[in-house]
Amino acid sequence: MHQLEPIRAWSRACNLVIDHYGTAKSCEDPILRNAIIAALLSLPVKLAESANCRRGEEAQAALSAARACCAQIKTHLYIARELCLIESFASDKFLVESMDLSQIIENQSHYQALE
């Protein structure tokens, strides 16, 4: 795997948090808001863990957890948007960016598995 891929994914995840924390915080339902924020904050942490793993199995597990965070974010955002608990425009941009990051993580996972 190219050594910069884990850094690129982590950097994108940090930017996702920075760019969309306010959107997540604007969700009107406190339970859903907390779920979005928890998944959002966990994402760069899981990617940092994957970059620091020495064994491939540990890295794969951390990448799998990062993909799960992306799935949680997308699911929570979709529900919040459909229930009109979050602004549609902001949540659409947030969804697109989380899907892009999910694809980057998926590609990273494939590279890791080939090593």
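Q: Why is Cys69 called buried in this model?
A: The model is predicted. Cys69 has a relative accessible area of 6%, and buried means under 20%, so Cys69 counts as buried.

Q: What makes Cys69 a cysteine that is in no disulfide?
A: The structure holds 0 disulfides. For Cys69, the nearest cysteine sulfur is that of Cys70, 7.2 Å away. A disulfide needs the two sulfur atoms within 2.5 Å, so this pair is not a disulfide.

Q: Why is Leu43 called buried?
A: Leu43 lies in helix α2. Its relative accessibility is 0%, and the limit for buried is under 20%, so Leu43 counts as buried.

Q: Which residues does Leu43 touch, not counting residues up to four places away in sequence?
A: Leu43 touches Ala13, Leu16, Ala66, Cys69, Cys70, Ile73, Leu101 and Ile105. With Leu101, 58 residues apart along the chain, the C-alpha separation is 10 Å.

Q: What bend does helix α2 have at Leu43?
A: The helix bends there by about 25 degrees. A proline, Pro44, follows within four residues.

Q: How do you know that the reach of α2 is close to the expected one?
A: Helix α2 covers residues 30-51, which is 22 residues. From its first C-alpha to its last it reaches 32 Å, and 32 Å is expected at 1.5 Å a residue.

Q: Which residues of α2 are buried?
A: They are Leu32, Ile36, Ile37, Ala39, Leu40, Leu43, Pro44, Leu47 and Ser50.

Q: What is found at the start of α2?
A: A side-chain oxygen of Asp29 comes to within 3.2 Å of the backbone nitrogen of Ile31. The limit for a polar contact is 3.5 Å, so this pair is inside it.

Q: Which residues touch the most other members of the largest nonpolar core?
A: That core has 27 residues, and Leu43, Leu47, Phe94 and Ile105 touch the most other members. Two or more residues come from each of α1, α2, α3 and α4. In soluble globular proteins, nonpolar side chains tend to be buried together.

Q: Which residues does Ile105 touch, leaving out those up to four places away in sequence?
A: Ile105 touches Leu43, Leu47, Leu63, Ala66, Arg67 and Cys70.

Q: Why is His20 called buried?
A: His20 lies in helix α1, residues 4-25. Its relative accessible area is 3%; buried means under 20%, so His20 counts as buried. Not counting residues up to four places away in sequence, His20 touches Leu40, Ala90, Lys93, Phe94 and Glu97.

Q: What makes Thr23 buried or exposed?
A: Thr23 also lies in helix α1. Thr23 has a relative accessible area of 14%. That value is under 20%, so Thr23 is buried. Leaving aside neighbours within four places in sequence, Thr23 is in contact with Ile86, Ala90, Ser91 and Phe94.

Q: How do you know that the reach of α3 is close to the expected one?
A: The 27 residues of α3 reach 39 Å from the first C-alpha to the last, and 39 Å is expected at 1.5 Å a residue. Among the buried residues of α3 are Cys69, Cys70, His76 and Arg81.

Q: Why is Cys84 called exposed?
A: Cys84 is found in the loop between α3 and α4. Its relative accessible area is 61%, and exposed means over 50%, so Cys84 counts as exposed.

Q: Why is Glu106 called partly exposed?
A: Glu106 is placed in helix α4. Its relative accessible area is 26%. Buried means under 20% and exposed over 50%; the value lies in between, so Glu106 is partly exposed. The C-alpha atoms of Glu106 and Lys93, 13 residues apart along the chain, are separated by 20 Å.

Notes
Residues are numbered from 1 along each chain as its sequence is written. This is a predicted model: local features need pLDDT of at least 70, side-chain atom pairs count only at pLDDT 80 or more; totals for chains, interfaces and linings use all residues. Side-chain values use heavy atoms; hydrogens and water are left out. The expected span of a helix is 1.5 Å times one less than its number of residues. The bend at a residue is the angle between axes fitted to the seven residues ending there and the seven starting there. Buried means under 20% relative accessible area, exposed over 50%, partly exposed in between (1.4 Å probe, protein chains only). A polar contact is a pair of N or O atoms within 3.5 Å; within protein, one must be able to donate a hydrogen and the other to accept it, and residues adjacent in sequence count only if both atoms are side-chain atoms. Contact means heavy atoms within 4.5 Å. A nonpolar core is a set of buried Ala, Val, Leu, Ile, Met, Phe, Trp, Tyr and Cys residues joined through side-chain atoms within 4.5 Å.
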